[in-house]
Protein chains: 2
Amino acid sequence: GADVLPNGHYGTSIKLNWALDFNRGILLAHKMNGEPLRPDHGRPLRVVVPGQIGGRSVKWLKRLILTDSPSTNWYHINDNRLLPTMVSPEMASEDPKWWRDDRYAIFDLNVNSSVVYPENNEELVIASAPSTYTVKGYAYSGGGRRITRVEISLDKGRSWHLAHIDYAEDKYRNFEGDLFGGKVDMYWRETCFCWSFWSLDIPVSDLQASDAILVRAMDESLAVQPRDMYWSVLGMMNNPWFRVTITNENGRLKFEHPTHPTKTGGWMERVKKAGGDLANGYWGETVQGEAPAQQESAKEINMRREGLSRLIELQELKDHVSNGEPWFIVNGEVYDGTEFLRDHPGGAQSIISSAGMDVSEEFLAIHSETARIMMPGYHIGTLSTSALAVLQDNGLEEQNNSTEPRKTFLQSRYWSKTTLVRKKIVSSDSRIFTFELEHPKQTLGLPVGRHLMIKV
Amino acid sequence: GADVLPNGHYGTSIKLNWALDFNRGILLAHKMNGEPLRPDHGRPLRVVVPGQIGGRSVKWLKRLILTDSPSTNWYHINDNRLLPTMVSPEMASEDPKWWRDDRYAIFDLNVNSSVVYPENNEELVIASAPSTYTVKGYAYSGGGRRITRVEISLDKGRSWHLAHIDYAEDKYRNFEGDLFGGKVDMYWRETCFCWSFWSLDIPVSDLQASDAILVRAMDESLAVQPRDMYWSVLGMMNNPWFRVTITNENGRLKFEHPTHPTKTGGWMERVKKAGGDLANGYWGETVQGEAPAQQESAKEINMRREGLSRLIELQELKDHVSNGEPWFIVNGEVYDGTEFLRDHPGGAQSIISSAGMDVSEEFLAIHSETARIMMPGYHIGTLSTSALAVLQDNGLEEQNNSTEPRKTFLQSRYWSKTTLVRKKIVSSDSRIFTFELEHPKQTLGLPVGRHLMIKV
């Protein structure tokens with residue numbers, strides 16, 4: 001790929017026999033749905049490997065290389081791996097052999113299914129509800145394998161109901177004519193790459209009598225979603241039974257997904273806060289006859305080093321912005337990220353870019369408990385109140401106060417003000433916001449494939 | 001196939017895109033290991049579909065048919081199906097739609113692994129044992145997918161150890177030269193069709209502290225063996241974690257497999273006899289804090305109809321041998337198999353062949369509890385003592401007592417005596433026994449693909 005990342009260009013590989021296999025339908029795409037490919041989708045040329053994890057579909061394609069062994073690209077080796085479950089973060093970081101064994105590379109997607117309705121936090125008033133509720137969701141598998149059944153349980157997996165499955169993809173097989181300028185040769189291939197949609201009408205009385213809706217799918221290779229999570233270092237490809245809890249409160253059924261898609265919440269957080277063990281084989285709920293779970297959680301994680309009382313002033317912080325020792329601020333405390341540059345799962349660049357900045361919000365939004373527990377090791381002191389005030393006002397680097405207008409609008413190290421001039425409603429869930437630059441000749445300054453942050 | 005079975009010639013189908021896929025290596029075989037195919041392996045020509053269930057590899061191939069829909073052959077529809085788990089035997093027998101949905105046809109083998117050592121009933125004397133024991137077994141998957149890991153747990157699946165895997169098949173990839181007259185084009189294909197062999201050295205002290213060895217495998221599509229069994233009507237394709245129990249008795253560790261490969265025994269039978277519930281999610285063992293399992297099993301299944309007192313004499317039995325109402329004898333009781341001819345999973349022929357015979361041994365050896373529970377429905381009376389004596393002596397049909405030697409040695413309806421004249425040791429687990437016919441011109445009388453029974 002033409003994209004430059006902290007550890008070089010992005011690159012990866014797939015097996016030659018997969019690339020040559022017509023059934024897999026691997027393609028080089030320069031258009032999508034009849035329109036030119038958009039820059040963020042890899043314009044001008046992108047590899048598309050249907051049925052495999054997205055990391056194999058290289059964007060901004062520059063080069064195809066035929067080799068007799070797997071890619072040695074940093075991202076091929078260190079990303080998209082499902083290491084064996086007993087490999088701890090320490091083992092993985094100490095011994096490169098775990099990463100270099102290509103058997104642990106993730107290619108095909110695994111069989112998966114999920115509930116969409118009821119949604120997270122959806123409520124159903126029993127008195128006014130119709131007699132049945134239609135539970136709905138999606139299911140897919142990898143490698144072109146068809147989902148052959150989706151099953152729903154209301155009694156912890158003891159018994160199952162068969163859902164109806166709609167294979168939207170099959171409509172393309174039977175379509176006569178041109179589609180976006182090309183024929184679809186799907187019919188004879190019988191391969192399935194897209195989501196299928198399942199649904200099941202469930203009597204509301206059955207929902208009322210149940211504590212959770214469980215869903216699992218099976219594909220044509222007879223792979224079935226496992227009951228429990230397969231834990232692995234990178235945390236990818238989880239496909240345990242999808243579970244929506246049901247709570248009956250004052251005549252309403254309240255449904256909860258495992259997590260909330262964009263914010264905190266969901267039954268996993270609730271169970272965790274109540275001190276439940278999510279790995280107890282019963283989704284953290286108390287098992288009948290089991291000793292009550294220990295109330296050990298719910299305490300705040302301390303990110304400060306015990307007994308440290310060093311006060312850091314503005315000048316000292318400034319001195320560490322560009323000397324290769326990135327100091328950054330979380331909750332008024334100063335951390336030295338130097339030692340962690342090599343091991344940071346998000347790459348060294350994101351720490352380097354934070355040098356001299358108050359990154360409290362970004363840090364807490366992205367990082368897990370495990371990351372927070374590591375923080376005291378990098379804690380070097382507390383920022384003085386006056387320094388913190390300067391930092392929170394306009395950042396460490398003074399903005400350009402000259403009357404000369406800036407050539408580039410976005411600055412990576414401080415916030416820039418802008419005005420919203422137009423809002424266009426595209427569809428039920430999409431809007432186009434148009435913001436004003438400072439002058440007509442100014443460029444935005446956002447490279448392809450990067451994100452910008454907006455604070456309202 | 002050229003074989004004639006109770007419901008016509010054997011036939012089945014695979015998908016066209018699979019048949020055309022080089023990666024799948026589907027072939028028409030007339031030789032095996034450089035030797036002509038043996039009659040029992042389908043001489044002169046057999047389809048071989050590696051990575052798929054054996055039922056797709058048609059023997060004695062007569063014809064290949066290209067159709068735009070799956071085969072309508074009786075065996076394609078009614079065999080090798082994995083019906084959804086909630087389909088009961090009654091639902092399956094009443095509604096043909098379950099069988100005609102090709103999504104439930106079994107093609108690819110699913111991921112599986114098994115323990116070979118320790119063997120069932122193997123014992124290890126702790127005092128004289130070396131410090132580690134090497135647990136060994138095999139693992140395979142379907143569709144050419146490589147086994148990517150085999151994991152062993154000694155604590156009910158809470159934690160896992162990684163086993164070493166030997167891919168014997170890979171030796172063929174790297175082999176230079178001819179193999180049985182043909183080149184092996186395995187290298188570029190990277191597909192895996194054979195068993196792999198795993199092993200793990202486990203400290204004997206760890207085995208001593210454990211109640212069972214659990215094994216599971218994962219393949220390159222990230223399919224992992226499920227913890228629990230997927231129940232289905234035909235009972236095929238079971239691949240839950242393989243479990244070998246460990247019992248510490250007087251300084252010896254005793255190992256038990258789920259079942260004994262050829263006779264009764266194994267921990268499943270032990271748990272069942274003790275009244276344990278094999279489907280309780282803990283392999284029927286009593287869970288800590290759980291109410292003790294009900295002692296409901298261990299009673300004999302009654303195969304006689306309640307209150308029936310009809311006594312049947314020899315002549316009446318004789319009258320029902322060839323009139324299309326096959327009466328047969330189990331444990332001195334007479335059963336009328338007429339009503340069950342259509343539904344018998346083993347085919348009508350095996351009931352018809354049993355007409356007028358005492359089939360106690362064969363019946364009890366083959367049939368499950370479920371089958372025995374059905375027997376009172378077909379029970380019509382008790383055979384008189386004198387009739388039973390005649391039957392047990394030499395069968396209902398008198399043997400040919402003339403001096404004229406028989407042209408055909410084997411008779412389907414009674415036992416024939418023969419003398420063992422030679423025993424040749426082929427390998428550690430194979431012997432060739434040679435029996436003498438009555439005269440040189442006699443034929444054996446065993447069609448290809450059928451079994452004979454030997455009583456010593």
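# Notebook: a two-chain predicted model

**His41(A).** I started with His41(A), which, leaving aside neighbours within four places in sequence, is in contact with Met32(A), Arg46(A) and Lys59(A). Contact here means heavy atoms within 4.5 Å. I found His41(A) in the loop between strand 5 (35–36) and strand 6 (46–48) of chain A. Helices (H or I, at least four residues) and strands (E, at least two) are DSSP runs, numbered from the N terminus. Is His41(A) buried or exposed, or partly exposed? Its relative accessible area is 32%, so I noted His41(A) as partly exposed. The scale I used: buried is under 20% relative accessible area, exposed is over 50%, and partly exposed is in between (1.4 Å probe, protein chains only). I also looked up Leu234(A), which is 193 residues from His41(A) in sequence and 24 Å away in space, C-alpha to C-alpha.

**Ground rules.** This is a predicted model, where local features need pLDDT of at least 70 and side-chain atom pairs count only at pLDDT 80 or more, while totals for chains, interfaces and linings use all residues. Residues are numbered from 1 along each chain as its sequence is written, chains are lettered from A and ligands numbered from 1 in the order in which they are written, and side-chain values use heavy atoms, with hydrogens and water left out.

**Chain A as a whole.** I looked up the overall make-up next: chain A has 12 helices and 22 strands. Its C-alpha atoms fill a box of roughly 65 × 60 × 55 Å, taken along the principal axes. Of its 456 residues, 42% count as buried. I took contacts with a separation of 6 or more in chain A, and 64% of them are between residues 24 or more positions apart. The accessible surface of chain A comes to about 26300 Å², and 53% of that belongs to carbon and sulfur atoms. Such areas come from the Shrake-Rupley method with a 1.4 Å probe; for residues, only the protein chains shown count as cover.

**Two copies.** How is chain B superposed on chain A? A rotation of 179° with 0.0 Å of shift along its axis does it, with an RMSD of 0.2 Å. The two copies are thus related as by a two-fold rotation axis. The same surface serves both copies, since 100% of the contact residues of chain B recur in chain A. The superposition is by least squares on the C-alpha atoms of residues with pLDDT of at least 70 in both copies.

**Salt bridges.** I got 43 salt bridges over all chains. To count, a side-chain nitrogen of Lys or Arg must be within 4 Å of a carboxyl oxygen of Asp or Glu.

- Asp102(A) pairs with Arg81(A), the closest N and O atoms being 3.3 Å apart. This pair links distant parts of the chain, 21 residues apart: Asp102(A) is in the loop between helix 4 (97–100) and strand 7 (112–117) of chain A, and Arg81(A) is in the loop between helix 2 (74–78) and helix 3 (89–94) of chain A. I noted Asp102(A) as partly exposed at 22% relative accessibility, and Arg81(A) as buried at 1%.
- Asp101(A) pairs with Arg103(A), with 2.9 Å between the closest N and O atoms. Arg103(A) is partly exposed, at 24%.
- Arg270(B) pairs with Glu256(B), the closest N and O atoms being 2.7 Å apart. Arg270(B) is in helix 7 (residues 267–273) of chain B and Glu256(B) in strand 16 (residues 252–256) of chain B, so the pair ties together parts 14 residues apart in sequence. Arg270(B) is partly exposed at 35%, while Glu256(B) counts as buried at 8%.
- Arg24(A), Asp108(A), Arg145(A) and Asp219(A) are linked in a network of salt bridges.

**Glu313(B).** I found Glu313(B) in the loop between strand 17 (311–312) and helix 8 (314–319) of chain B. At 39% relative accessibility, Glu313(B) is partly exposed. Which residues does Glu313(B) touch, not counting residues up to four places away in sequence? I listed Ser384(B), Ser386(B) and Ala387(B). The side chains of Glu313(B) and Ser384(B) are joined by a polar contact of 2.7 Å. (A polar contact is a pair of N or O atoms within 3.5 Å; within protein, one must be able to donate a hydrogen and the other to accept it, and residues adjacent in sequence count only if both atoms are side-chain atoms.) Thr382(B) is 69 residues from Glu313(B) along the chain, with their C-alpha atoms 8.8 Å apart.
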